[in-house]
Amino acid sequence: LGGHIVAERIAGGEYAGAPPVETLDSLAGLAREALADVPLTTRIAGVRLALPGLVDAARGVLLRAPNLGWRNVSPAPALDGVHGLAGLPLGLGNEADFAALTVARTAPAHPAAYSDFLYLSGEVGIGSSLVSHGSVMTGRHGWAGEIGHVCVDPSGPVCACGARGCLERYAGQHALTAAAGVPDTDALVAALEAGDARAMDAADRAARALGVALSGALNLLDVSQVILGGHLGVLAPYLRPGILTELDVRVLSAPFEPPAVEAVSLDAAPAALGAAYVALEDLLSRPADFMAGLG
């Protein structure tokens, strides 16, 4: 309840195109390992799974994750056999929405300094989450925030979603490193620090694309604070000037409240941490339900 991590396991890898069953089985294995480190006196408050893409939380289905190549996946069966989680319903949510909570909170139900902002989650793709008065605004179906699939160039390259010119084809992790001719974000940072022309051009193109997409969002949503996470946060010093140049020109309210773009130092797995916050906040909002379940 204090927001401290009791146990965790983190495994990196490339999962695009991997069969959902195999990936979810690996996830179940990580859950078992993490639970083995949890003291026996600790009671699990809930189970939440952060997923990229469109999630039907009511049915517990990942409808579509373009960068994974997954459609209509139900993760619950893969976790049913994990000892310690039996009998606890699995709650699904979008990874950017969960990660944004780690910016809006210092601990479960404890507000942070940021209460109104647009959070950008940068991984293979790009997601976003609007936080207003400390609450994540998910939209009618819970599908809001797919800023990575906002078009910044109708004649641009084809995206994994099937459309052309999506933002993540310019500012997604793979798109950026490929454009810079480097293997990963760490190598891209090194190239940028060395003044490599190809890397700088890739960062400039990404910053312009981000500025175009973000200006539309800020004009529409009446928000002026942008928080960059994931690889976008790591690259913020090289992206921020170009983003702000676009925002200053394109955001109608800029003369009255200048847009701000910041990066935050987040946990190594912010979406997972935010998912844990949600489970604990459910407990805090309905303690009687939780206590009744102990019987």
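Asp282 is partly exposed, at a relative accessible area of 24%, and Arg48 is partly exposed too, at 25%; the term covers values between buried (under 20% relative accessible area) and exposed (over 50%), using a 1.4 Å probe and protein chains only. This is a predicted model, in which local features need pLDDT of at least 70, side-chain atom pairs count only at pLDDT 80 or more, and totals for chains, interfaces and linings use all residues. Residues are numbered from 1 along each chain as its sequence is written, and side-chain values use heavy atoms, leaving out hydrogens and water.

**Salt bridges overall**
- The whole structure holds seven salt bridges, each meaning a side-chain nitrogen of Lys or Arg within 4 Å of a carboxyl oxygen of Asp or Glu.

**Partners in helix α10**
- Asp282 and Arg48 form a salt bridge, with 2.5 Å from N to O.
- Asp282 sits in helix α10 (residues 270-285) and Arg48 in strand β1 (residues 47-51), so this pair ties together parts 234 residues apart in sequence; helices (H or I, at least four residues) and strands (E, at least two) are DSSP runs, numbered from the N terminus.
- Arg105 pairs with Glu281, their closest N and O atoms being 2.7 Å apart.
- Arg105 belongs to strand β6 (residues 105-107) and Glu281 to helix α10, so parts 176 residues apart in sequence are tied together.
- Arg105 is buried at 14% relative accessibility, and Glu281 is buried at 16%.

**The network around Arg9**
- Shared partners join Arg9, Glu33 and Asp37 into one network of salt bridges.
- Between Arg9 and Glu33, the closest N and O atoms are 3.3 Å apart.
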